[in-house]
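Here is a short report on one protein model. Look at the structure first, then read on.

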Amino acid sequence: MTIRKHWAFWLGTLGLCVSALAQNYPSKPVKIVVGYAAGGAVDVVARTIGLSLQTSLGQAFVVENKPGAGTNIAVKSVITAEPDGYTLMMAANALAANMSLYQPQPFDAEKDLVAVSMIGRVPVVIAANANAPFANVKQLIEAAKGKPNSIAYGTPGNGSTPHMAIELFARAAGIDLQHIPYRGGSPAITDTIGGQVPLVAVNALEVLPHVKSGKLKVLGVLSANRSANYPDVPTMAESGFPGFEASVWYGLVAPAATPKPIVAKLHAEVQKALQSKEVRERMNAVGGEVVPGSAEMFTQLIRSERVRYDKLVREANIKPD
């Protein structure tokens, strides 16, 4: 047997082994790591997808919460895990942002991880105290231009997705707003209701009860489409900023060396899950929408978000909490 035929034989054998591995996958419980505490939107999404995969693949998909260091603890635990398909992560915007926010760079998402599937999006919203003098984004911009850096907004913290989203919006609108970082969305919302700060930026779900009670009003949603929870509130595009979007996104990733057939199998199963009524309803319950699509689409999103956040972090000198 020639050397070429010898290698062809062994490569073919290896391919058959990997293919068989994917066919038998999963043969034991699969872990989905979440870099946030239990009960939050990312946790809910992970458990929703995990339950659907558990039903379709016949093995338990167990969520493991590893909060801390802006999700870096969770990311590093996945990067160093055995790349066999039994450790996954439900990632969000921090995966792209943290490569610029933290120095030295804690990881390289494009090299250390592989995108399995995009899951969905939840819009960031700008909400105001019910008695605030502006009723929409256009009026907010007019007020901010009249008195630069005089209007404050609260967020869940420095470098959080809502903080980054509002910084992107302010730059697009040509205004200066005063950022007040909090330790979480709830205290920022509480102070906005109480009038200590006029605006708050959080994900759409967090302010919903307070909008329904009349304590807050939503000025704009920073997504491409109107939110089902706020059908009467215009998007940024409708408010004069075509193409602008700064949503919270969710997606499933795995260690970079995870066998391609296993990644492909997981991707296909997630796509099926995203078509189910139960998953769609659960995503709607956390204020979002499902976003089916190829793994390549999710890879491109991570890459483009990394570039966008890197520019913003440098120009605005944003430091994490």
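## A127 and its surroundings

Beyond its neighbours within four places in sequence, A127 is in contact (heavy atoms within 4.5 Å) with T192, P198, L199, V200, V207, K217, V218 and L219. The model is predicted: local features need pLDDT of at least 70, side-chain atom pairs count only at pLDDT 80 or more, and totals for chains, interfaces and linings use all residues. Residues are numbered from 1 along each chain as its sequence is written, and side-chain values use heavy atoms, with hydrogens and water left out.

A127 belongs to strand β5 (residues 124-129). Helices (H or I, at least four residues) and strands (E, at least two) are DSSP runs, numbered from the N terminus. Is A127 buried or exposed? A127 has a relative accessible area of 0%, so it is buried. Buried means under 20% relative accessible area, exposed over 50%, and partly exposed in between (1.4 Å probe, protein chains only).

In β10, 8 of 8 residues are buried. The strand pairs antiparallel with β3 (residues 87-91) over 3 bridges and antiparallel with β4 (residues 113-122) over 8 bridges. Pairing requires at least two DSSP bridges between two strands. V253 of β10 is the bridge partner of M89 and also of A115.

The largest nonpolar core has 108 residues. Such a core is a set of buried Ala, Val, Leu, Ile, Met, Phe, Trp, Tyr and Cys residues joined through side-chain atoms within 4.5 Å. M90, F169, V207, L222 and Y250 have the most contacts inside it. Helix α2 gives the most to this core, with 8 residues.

## The largest pocket

The largest pocket has a volume of about 980 Å³. Of its 36 lining residues, Y36, P156, S160, T161 and G184 are the closest to its centre. A pocket is an open set of points on a 1 Å grid over the protein atoms alone, where a 1.4 Å probe fits, with protein on both sides within 12 Å along at least five of seven lines; lining residues have an atom within 4 Å of a point. Grid points are joined across faces, edges and corners, and a volume is the space filled by probe spheres set on the points.

Elements that each supply at least two lining residues include α2 (41-57), α7 (161-173) and β10 (248-255).
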